[in-house]
Amino acid sequence: AASKGGSSPSKADKANQDAFRVEEDMEGPKKHWFAVYDGHGPVGEKCSRFACEHVAMEFCKQLRSGATKEQAMSRAHTSTNTALAQSAIDDQQSGTTAVTAYFDGLDLLVSNVGDSRVMLGSVDAQGKLIHKALSTDQTPYRRDERERVKACGARVMTADQIDGVEPIHEDWDCALGDEIDDGGDPPRIWAQDQEYPGTAFTRSIGDSLAESLGVMAEPELDHHQIKPNDKVLIVASDGIFEFITTRGCLDMALLYNNPLEACLALVGESYKLWIEREDRTDDITIIVGFIEQSGAKRDHGVGVEEVAIEEGTAEMKKKKTRRGSLGGKAQ
């Protein structure tokens, strides 16, 4: 795993708001937990670290009480959301994503809240890469999520639409993961007749001010049965894939035998693209795992790295905040 804090011209001492957790043999042999949390808002780093600790803890607690792993996963997120709201952390306009890949032997349970992502790389009979996102970003780009929050009373508009410089429409058909959103002005969630909270996601842990507008901590769950042709798994915050497609991430990871080297390469490439295209860089966090069958040999380079990369000299362009919350004030 590797993580690099982002940079902002307006905040030189910006905290890394991402967190991650890797637990091997959690609650039993061959039960492994890989999770990434991408915080946002004024105290996003506190939210992500709170979730990083409590989601796994609540999951184990639920399993011990007799819950199925699916029940345990859902309850772990919703109870963590409740605990965060009751804590000393001000989560009105701060929160975190939470994406988890939980291995129970060969059964992979994927849980997602927000817009971090789990990606799987496999090969076909001819050795060609098959790329697949095992989670689906929960953002207003998705029609079903957009309609759900609108039913709760939310407006869904871009910042330019709010400012009156773009016509009102819902022509947001970008398939995130397969395409890159080059516009930099995503649809966001707003209260009726007020310019808050401006979240570019429809689910999160925290963001209590947005809960009445349909933003919730209930995860979407999916299963994948690991097969012999599955080769690499990536769990990452959106800092990794803002400018790299799912296929691009998996292609690069498979160039390496050592998962830490793959992590560092993807962090470096993502960082380079950020400084080429924006006047800031997002926090960037990634976990890479190579999937091995019995008897297979691979370099077992495993490690965790806090990445320090020289800043490039590419010309930076001023754009709107691409993701997260704009942090508007309630009136």
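K4 sits over the face of Y271, 4.8 Å from the ring centre. R117 is placed over the face of F241, at 3.7 Å from the ring centre. A charge counts as over a ring if NZ of Lys or CZ of Arg is within 6 Å of the ring centre and within 35 degrees of the ring normal. The model is predicted, so local features need pLDDT of at least 70 and side-chain atom pairs count only at pLDDT 80 or more, while totals for chains, interfaces and linings use all residues. Residues are numbered from 1 along each chain as its sequence is written, and side-chain values use heavy atoms, with hydrogens and water left out.

F59 belongs to helix α1 (residues 44–64) and Y102 to strand β5 (residues 98–104), 43 residues apart (helices, H or I of at least four residues, and strands, E of at least two, are DSSP runs numbered from the N terminus). F59 is buried at 0% relative accessibility, and Y102 is buried at 2% (buried means under 20% relative accessible area, exposed over 50%, partly exposed in between, with a 1.4 Å probe and protein chains only). Together with W33, F59 and Y102 form one aromatic cluster.

Note on methods
Phe/Tyr/Trp six-rings, centres within 6.5 Å; stacked < 30°, edge-to-face > 60°.
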